[in-house]
Amino acid sequence: MTWGWTGIRGTWGTEQAERSMELMKEGLAVNWTAITFAALQEHPQATEIKYGDAPTVTDEEVRWAIEKAKSLGLQVCLKPVVNCANGTWRAHINFFDVDVPCEPKWSEWFASYTRFMLHYAQMAEETGCEMLCVGCEMVQTDRRAAEWRALIAEVRLVYSGVITYNCDKYQENQVSWWDAVDVISSSGYYPIDTWEEQLDRIEGVVKQHGKPFMFMEAGCPSREGSQHLPNDWGLPGEASEDVQARYYEAMFSHCDKRGWVEGFMLWDWPAKLYKPEDAAANKDYCMYGKQAEAVVRDYYSAKTVI
């Protein structure tokens, strides 16, 4: 289960955050968590990632979250993510393929991104994180294979654990450098009635590269219509626990037929939970206190050794 997004400074390391992680472990029977947070660059063509600045969680908060997860017996994937401060989705971070004087450049951005990732790679090594996710849904960057290979090589100099990259939905067969990571992972926000089609496509990628595969993100908001567009967190619609529960049942059922799907890091469980009595009216991805919580718990309990 993914925990802590978006990693707002001051919201981790609190009693609420501690109880949130405990309830995640108790309610879902998880054995892994992705400790996930965002650092900001100003806009899609900015070249400086300000990972030391607010609102990003502090290093102390990140270390606290890792330590708390491990105290609960969870294995940890550390997942630092870049967002744009102006609200543009990170998939649109992009620069000219040929350098132009006085314009921002891929080399400048990757230099900053490498510093950002190495900072947390070192932390992941020091704290014993079992996995590190070096990028998330950065669609326009995916074509920059040489830069990604160089970044991963740098990360391996300081981090000895498992490395993955979380490509976006529908992009599994667009990444040419899967050989550089240990685990292929993607965001599985697929419409409820297209799982077989998408799994057929992804299976070709997995067989081609001979790597383990997992869904680094997957989930569905608890609202009407979200089963058909699960990646849209702002979709209009009334709250519906049933929609979310049926989506998880369908996703697990389809993926169970594919032995190469080795797990999920479901989206998501916040550091500050809503009250249990408010669960039925909550339309977000978190399944705390909702029907889907039992669906996930039953499925995980049957699959995992805790």
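This is a predicted model: local features need pLDDT of at least 70, side-chain atom pairs count only at pLDDT 80 or more; totals for chains, interfaces and linings use all residues.
Two bridges tie β1 to β2, which covers residues 32-41. The two strands run parallel. Look at T2: opposite this residue, in β2, stands A34.

Now a helix on the sheet.

On to the pockets. The largest pocket holds about 660 Å³ of space. Its lining counts 26 residues. Nearest the centre of the largest pocket are W5, T6, R90, W233 and W267. Keep W5, T6 and W267 in mind.

By class, the lining of the largest pocket has 13 nonpolar, six polar and seven charged residues.

The second largest pocket comes next. About 490 Å³ of space lies there. It is lined by 22 residues. Closest to the centre of this second pocket are M214, V261, E262, G263 and F264.

The largest share of the lining of the second largest pocket, four residues, is from β8. Among the elements that each supply at least two residues of this lining are β7 (213-217), α6 (241-256), β8 and α7 (291-303). How do the lining residues of the second largest pocket divide by class? There are 14 nonpolar, four polar and four charged.

Next, a helix pair. Take α2, residues 59-71, and α3, residues 106-127. Their axes come within 11 Å. They cross at roughly 35°. The crossing of α2 past α3 is right-handed.

Which residues make the contact? From α2, they are D59, V62, R63, I66 and K70. From α3, they are H119, Y120, M123, E126 and T127. By class, this contact of α2 with α3 has four nonpolar, two polar and four charged residues.

Last, the backbone. Back to W5 and T6. The peptide bond from W5 to T6 is cis, with omega near 5°. T6 is in the loop between β1 and α1, the helix at 15-28. Both W5 and T6 are among the residues nearest the centre of the largest pocket.

Then W267. Its peptide bond to D268 is also cis. Here omega is near -15°. Where is D268? In the loop between β8 and α7. W267, too, is one of the residues nearest the centre of the largest pocket.

One more spot: C102. It is not a glycine, yet its phi is positive, at about 70°. C102 is placed in the loop between β3 and α3.

To recap. The largest pocket has about 660 Å³ of space. Two cis bonds to look up on the structure are W5 to T6, and W267 to D268.

Conventions. Residues are numbered from 1 along each chain as its sequence is written. Side-chain values use heavy atoms; hydrogens and water are left out. Two strands pair if DSSP finds at least two bridges between them. On a 1 Å grid over the protein atoms alone, a cavity is a set of points where a 1.4 Å probe fits but cannot get out, and a pocket is an open set with protein on both sides within 12 Å along at least five of seven lines; lining residues have an atom within 4 Å of a point. Grid points are joined across faces, edges and corners, and a volume is the space filled by probe spheres set on the points. Ala, Val, Leu, Ile, Met, Phe, Trp, Tyr, Cys and Pro count as nonpolar, Asp, Glu, Lys and Arg as charged, and the others, Gly among them, as polar. Axes are lines fitted to C-alpha atoms, for helices over the stretch in contact, and angles run from 0 to 180 degrees between N-to-C directions. A crossing is left-handed if the near helix is turned anticlockwise from the far one by less than a right angle, and right-handed if clockwise. Contact means heavy atoms within 4.5 Å.
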